[in-house]
Amino acid sequence: IEDSDAVARLGDIAVGFLTHDRPIAVRCDDSVVRWTGRRAVPVRRSRGWVPRPVRIPVSASRPVLAVGGHEKNVFCLLAARRAVLSPHVGDLDHPETVGELRRTLDHLRRLTSIEPAVVACDLHPGYASTDLARELAAGEGLDIVEVQHHHAHALAVAAENEVRGPLLGLVLDGSGLGTDGTVWGCEVLRVDGARMERLGHLEQVPLPGGEAAVREPWRMAVAWLLAAFGEVPALALPLGPDRRRREAVERLATSGVRSPPTSSAGRLFDAVAALLGVRERVSFEGQAAMELEAIAGSAEAPSYPFAVDPGDGPFRLRFGPAIRALVEEIAAGGERRRIAARFHRTLIEALAAAARLARERHGLERVALAGGCFQNALLLEGAREALAGAGFEVLLPVSVPPNDGGLALGQAMAAAEASACA
């Protein structure tokens, strides 16, 4: 927001700068929405929306500060039924951004006159936002509430639709720490205010190399091939920079070393994109998935086979059969557009099957679609149609992003529900 900072940071890439003799007092990024063909889905809620409050369906007995997540950070101040979300702050990887979070928080507290008694944060102990929550709890004597990542995603959609009570949350995103310590990301949840139960999830595969697998989708292709075939079949090659690296990642995945199990839908998108030769390395979050959606376009195609394993605990969506069929179609010279479309259709039908099973077992008729993967127009509209066709009431994001920019609203809702039931 300062001219000197803009010149120093952007001087090598900008043709020119439009400045003004009046300094910018408060940072507020532009808002971003995506048109799905039926509705606008918020991607970034900032200028034009902030600081207009969101009315929630429960009245908090004590004011709440929810600090949001680590990526796409937005925080929330809540008093009674009025939730005020901050402008987009951004990813908290750098000290400068954390400093901006603190400055924006101080400004919004003064602007709203909301002084929190409770601070809500994510379960993940490594988030900079969680560090801030603990600091504020200790320094200001606030009670602290930790909210599981996907629980918060589902509650955010419920909150802005002014819905309470038990509902089914279908939450698809890149990653979030689960209550069992593993990396979640494609979850079927029973959500009832501050309470959450994991009813089902995508089958887990290794995340070979941890964060390296997020940057290099070919690693996830290896993990999914191992899950589907028990090995990396020759017909799926080449994957990765060279055979030596691929074999090293195979060993990593099978050993479990630096390969935590994950049920992430985002990493499944990455794996399919790599198998199709769309992208083996990304330069920004969601790049491979965005390109896979673009290739699929509006093509109509049947689904691949999949299975739902009821199990003794949470049921599992088995995607191994789909990966095997997809790889065989690639090997037979299948059209990339059709394969990408079939993958999307398979995921949509798997979600509908999961919802029907959850309804049979738990009587849940209302579904919230949440998580960053639902920025995908094909997935969002396809899932909405399939679920509505099966008789569900479907809740969608309206003015709050389904991605991590909406986490703070869900965290605040959980804290409000907890205080209402105390």
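Modeller: Helix H3 covers residues 128-140, 13 residues in total. Helices (H or I, at least four residues) and strands (E, at least two) are DSSP runs, numbered from the N terminus. This is a predicted model in which local features need pLDDT of at least 70 and side-chain atom pairs count only at pLDDT 80 or more, while totals for chains, interfaces and linings use all residues. Residues are numbered from 1 along each chain as its sequence is written, and side-chain values use heavy atoms, with hydrogens and water left out.

Biologist: How far does H3 reach from its first C-alpha to its last?

Modeller: The expected span of a helix is 1.5 Å times one less than its number of residues. For the 13 residues of H3 the expected value is 18 Å, and the reach is close to that, at 18 Å.

Biologist: Which strands and helix do the buried residues of H3 pack against?

Modeller: Buried means under 20% relative accessible area, exposed over 50%, and partly exposed in between (1.4 Å probe, protein chains only). In H3 the buried residues are Ala-128, Ser-129, Thr-130, Leu-132, Ala-133, Leu-136 and Ala-137. They pack against strand S3 (54-66), H2, strand S5 (118-122) and strand S6 (143-147).

Biologist: Is Leu-111 buried or exposed?

Modeller: Leu-111 belongs to helix H2, residues 95-112. Its relative accessibility is 52%, so Leu-111 counts as exposed.

Biologist: Are H10 and H11 roughly parallel or roughly antiparallel?

Modeller: Helix H10 (residues 320-331) packs with H11 at an angle of about 170°, the axes being 11 Å apart. Axes are lines fitted to C-alpha atoms, for helices over the stretch in contact (heavy atoms within 4.5 Å), and angles run from 0 to 180 degrees between N-to-C directions. Angles under 35 degrees count as roughly parallel, over 145 as roughly antiparallel, 65 to 115 as roughly perpendicular and the rest as oblique. H10 and H11 are therefore roughly antiparallel.

Biologist: How many nonpolar residues does the contact of H11 with H12 have?

Modeller: Helix H11 (residues 336-362) and helix H12 (residues 377-389) pack at about 40°, with axes 9 Å apart. The residues in contact include His-344 and Leu-347 of H11, and Leu-378 and Gly-382 of H12. Ala, Val, Leu, Ile, Met, Phe, Trp, Tyr, Cys and Pro count as nonpolar, Asp, Glu, Lys and Arg as charged, and the others, Gly among them, as polar. By class, this contact of H11 with H12 has no charged residues, two polar and, as asked, nonpolar residues numbering 10.
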